[in-house]
Amino acid sequence: PCPYYLPDDFVMLQVSTSPGLTEFRTGDTVTIGGNENYEIIMASYENQQNGLDGINNNSTIGMLFLARIN
């Protein structure tokens, strides 16, 4: 099998954030490392999840497909 190649300007980012009602929308921007800006192309996530903090309904967990914008 041949692995799929993802160009450098696109990334997949696994997210887990609080509060549990956080929403990620197409077109939102994400800053990584203070100087790399990305735009959300597609987001798949679940609200009101139990995160690593062990608190019920306190996290939004998912995966983002992003494109570099600068």
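Guide: The following dialogue goes from the overall fold to single residues.

Guide: A word on the source: this is a predicted model, in which local features need pLDDT of at least 70 and side-chain atom pairs count only at pLDDT 80 or more, while totals for chains, interfaces and linings use all residues. Residues are numbered from 1 along each chain as its sequence is written, and side-chain values use heavy atoms, with hydrogens and water left out.

Visitor: How many helices and strands does the protein have?

Guide: Helices (H or I, at least four residues) and strands (E, at least two) are DSSP runs, numbered from the N terminus. Here the count is zero helices and four strands, and the order of elements from the N terminus is β-β-β-β. The C-alpha trace spans about 40 × 35 × 20 Å along its principal axes.

Visitor: In what order do the strands lie in the sheet?

Guide: Two strands are taken to pair if DSSP finds at least two bridges between them. In this model the four strands form an open sheet in the order E1-E4-E3-E2, with antiparallel pairing. Strand E1 (10-17) and strand E2 (29-32) each have a single partner strand and stand at the edges, so one side of each is left without a neighbour in the sheet. On average, neighbouring strands are turned by 40° against each other, direction ignored; the axes behind this angle are lines fitted to C-alpha atoms, and angles run from 0 to 180 degrees between N-to-C directions.

Visitor: How many bridges join E3 and E4, and which residue stands opposite Glu39 in E4?

Guide: E3 and E4 are paired over nine bridges in the antiparallel sense, and Ala67 is the residue in E4 opposite Glu39. E1 also pairs antiparallel with strand E4 (residues 59-68), over eight bridges, and there Phe10 stands opposite Ala67. E2 and E3 run antiparallel and are joined by four bridges, with Thr29 opposite Glu39 in E3. The hairpin of E2 and E3 has three residues between the strands, and in this hairpin Gly33 takes a positive phi near 70°.

Visitor: How many salt bridges does the structure hold?

Guide: Side chains of opposite charge can pair when their charged atoms come close. The criterion used is a side-chain nitrogen of Lys or Arg within 4 Å of a carboxyl oxygen of Asp or Glu. The structure holds three such salt bridges. In one of them, Arg68 meets Asp9, with the closest N and O atoms 3.3 Å apart. Arg68 lies in strand E4 and Asp9 in the segment before E1, so this pair ties together parts that are 59 residues apart in sequence. Arg68 also forms a salt bridge with Glu36, at 3.8 Å between the closest N and O atoms. That pair links distant parts of the chain, since Glu36 is in strand E3 (residues 36-49) and Arg68 in strand E4, 32 residues apart.

Visitor: Is Arg25 buried or exposed?

Guide: Buried means under 20% relative accessible area, exposed over 50%, and partly exposed in between (1.4 Å probe, protein chains only). Arg25 has 52% relative accessibility and counts as exposed, whereas Glu23 is partly exposed at 42%. Of the 70 residues of the protein, 20% count as buried.

Visitor: Which residues does Ser59 touch?

Guide: A contact means heavy atoms within 4.5 Å. Ser59 lies in strand E4 and counts as buried, at 4% relative accessibility. Leaving aside residues up to four places away in sequence, Ser59 touches residues including Ser16, Thr17, Glu46, Asn47 and Asp53. For the protein, residues 24 or more positions apart account for 59% of the contacts with a separation of 6 or more.

Visitor: Which residues make the nonpolar surface patch?

Guide: Patches are made of residues with over 30% relative accessible area and no salt bridge; like charges are joined within 9 Å and nonpolar side chains (Val, Leu, Ile, Met, Phe, Trp, Tyr) within 5 Å. Tyr4, Leu6, Phe10, Met12, Ile41, Met42 and Met63 make a nonpolar patch of about 710 Å², with E1 and E3 as the elements that give two or more residues. Accessible areas come from the Shrake-Rupley method with a 1.4 Å probe, and for residues only the protein chains shown count as cover. Met42, in strand E3, is exposed at 57% relative accessibility.
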